[in-house]
Amino acid sequence: MWKRIFGGKQQPSNGGYKFGNTHLIELRRVIKTYETAAGSFTVLKNVDLQIDRGEFVAIIGKSGSGKSTLINMLTGIDRPTSGEVLVGDAAIHTFSEGQMAVWRGKNLGIIFQFFQLLPTLTLIENVMLPMDFANMFSPSERPKRALHLLEQVEMSEHAYKLPSAVSGGQAQRVAIARALANDPPILVADEPTGSLDSKTANAVFVLFEDLIKQGKTIVMVTHDNDLARRASRAVIVVDGEVTNQYVSHALPHLGVDQMTRVARQLKRELHEPNATIVSQGDTADRFYIITRGAVDIFLPHPDGQEIHVDRLTEGQYFGEIGLLNGDSRTASARAYPDGEVEVATLDREGFSILLQESDQTQVVLERMRQARLERDQRTLVNGADRSSGNGTPKVTTPAPESVEIE
Ligand SMILES: Nc1ncnc2c1ncn2[C@@H]1O[C@H](COP(=O)(O)OP(=O)(O)OP(=O)(O)O)[C@@H](O)[C@H]1O
Ligand SMILES: [Mg+2]
């Protein structure tokens, strides 16, 4: 299927896809401005977004922040005022309406909050519709395939009913079967569980998880924090800007509102290769999340040398030890030598509000602090061995993933 759709590139080679894009979905500097009677209104402000094949991405943010506008850029339902939208080998912002319809019919499955099944067609006819439109599969194959898809969503026994004769959750499952009609590699869903009760929403979500296992890529707008957390990544939209995706990776226990607030308080810092970001002994005044590149952590050793104890990468954080201790920095942090490093910083006040508001975050950060202090202790002991001639220090560093709440 991938051969057919993306010109035989299972994985992009080093050059990436046709337009130099290396991610399956890339939005580059996308701006969307609406002209209204009250003047022009910019809804998306220079959005950059990358999504890889096989990812399950949740788009979260407050009402009116621009989530639907953002995913309408991916589906071509709406067009950017400027910027590029690249999906595989397609530059969809350049497509005519006709090209867009053909491309969309084959490559995307789209799911909305309110199912949008055609009321006069039976469920199986609704599922066959995209195959008819895109002229996919032979006419005799279509009913069989539609029935098979209805089976996948456990709706085959209702195949010949009209949409009005089934429940909301059932209708949404049919809408998912319809989205899968042409076996698209990408599913885009705008609040697909928004009109469902939590049990039904969960069943729909489980279906999405299955589709991810089958290799699909899913981009889903949701208001539901719990569901967003179960996706592989959450992208937060704040006032038409995509806040750095690594914030939600670093602090996965925050709710949407807290995440939005933290994202607003973050300041971006750039550091040259090898630049010192934090010096041991300095007063701890900020919390750091790495948003590009990597950061090396060094401990001072009594013999005057520095010991490299860890390398942290995108989505990992540092600086919590000094802030939690209410004390000075216990280690130094330097930008790695391979390129510029970007970090998002939260000041002391923002950090303490964060802890007050999220008990889970507090627990996780506290555990990380403990784990890192123990690591430092072990390193210093091993480092002492080294200075007494017992070989190189053996350093074990705790991965943040290993510090989870049971
Ligand atoms: N066609 C349009 N013309 C003018 N303004 C628009 C248009 N479509 C959306 N907007 C405005 O753009 C902003 C973002 O809208 P959007 O629908 O993307 O928000 P959202 O994050 O999906 O919100 P919700 O969670 O309520 O669905 C809103 O202020 C909205 O009023
Ligand atoms: Mg919306």
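**Hairpin.** I started at the hairpin of β14 and β15, where five residues lie between the strands and G304 takes a positive phi near 100 degrees. Strands here are DSSP runs of E with at least two residues, helices are runs of H or I with at least four, and both are numbered from the N terminus. I noted that β14 (residues 294–300) pairs with β15 (residues 306–313) in the antiparallel sense, over seven bridges. Pairing asks for at least two DSSP bridges between two strands. I also looked up P300, and its bridge partner in β15 is E306.

**Ground rules.** I am working with a predicted model, in which local features need pLDDT of at least 70 and side-chain atom pairs count only at pLDDT 80 or more, while totals for chains, interfaces and linings use all residues. Residues are numbered from 1 along each chain as its sequence is written, and chains are lettered from A and ligands numbered from 1 in the order in which they are written.

**Positive phi elsewhere.** Most residues other than glycine have a negative phi, and I went looking for exceptions. R29 has a positive phi of about 45 degrees although it is not a glycine, and I found R29 in strand β1. N46, also not a glycine, has a positive phi of about 60 degrees and sits in strand β2. I checked burial by counting other C-beta atoms, placed from the backbone, within 10 Å of a residue's own: 20 or more is buried, 12 or fewer is exposed, and in between is partly exposed. N46 counts as partly exposed because its neighbours number 15.

**Ligand 1.** Which elements each supply at least two residues of the shell around ligand 1? I found β1 (25–36), β2 (39–51) and α2 (67–75), and α2 gives the most, with three residues. A residue belongs here if its C-beta atom, placed from the backbone, lies within 6 Å of the molecule. Among the residues around ligand 1 are Y34, F41, G64, K67 and T69. I sorted the shell into three nonpolar, eight polar and one charged.

**Open sheet.** Next I traced an open sheet of six strands, in the order β6-β7-β8-β3-β9-β10, with mixed pairing. β6 (108–111) and β10 (241–242) stand at the edges with a single partner strand each, so one side of each has no neighbour in the sheet. Inside the sheet, β3 (residues 56–60) and β8 (residues 217–221) pair in the parallel sense over four bridges, and V57 stands opposite V219 in β8. Helix α10 (residues 256–265) packs on the sheet and touches β3 and β9 (233–238). Contact means C-beta atoms, placed from the backbone, within 7 Å.

**I111.** I picked I111 in strand β6. Is I111 buried or exposed? I111 is buried, because 23 other C-beta atoms lie within 10 Å. Not counting residues up to four places away in sequence, I111 touches A175, I176, A179, L187, A189 and P192.

Methods
Nonpolar A, V, L, I, M, F, W, Y, C, P; charged D, E, K, R; others polar. Contact = placed C-beta atoms within 7 Å. Axes fitted to C-alpha atoms, helices over the stretch in contact; angles between N-to-C directions.
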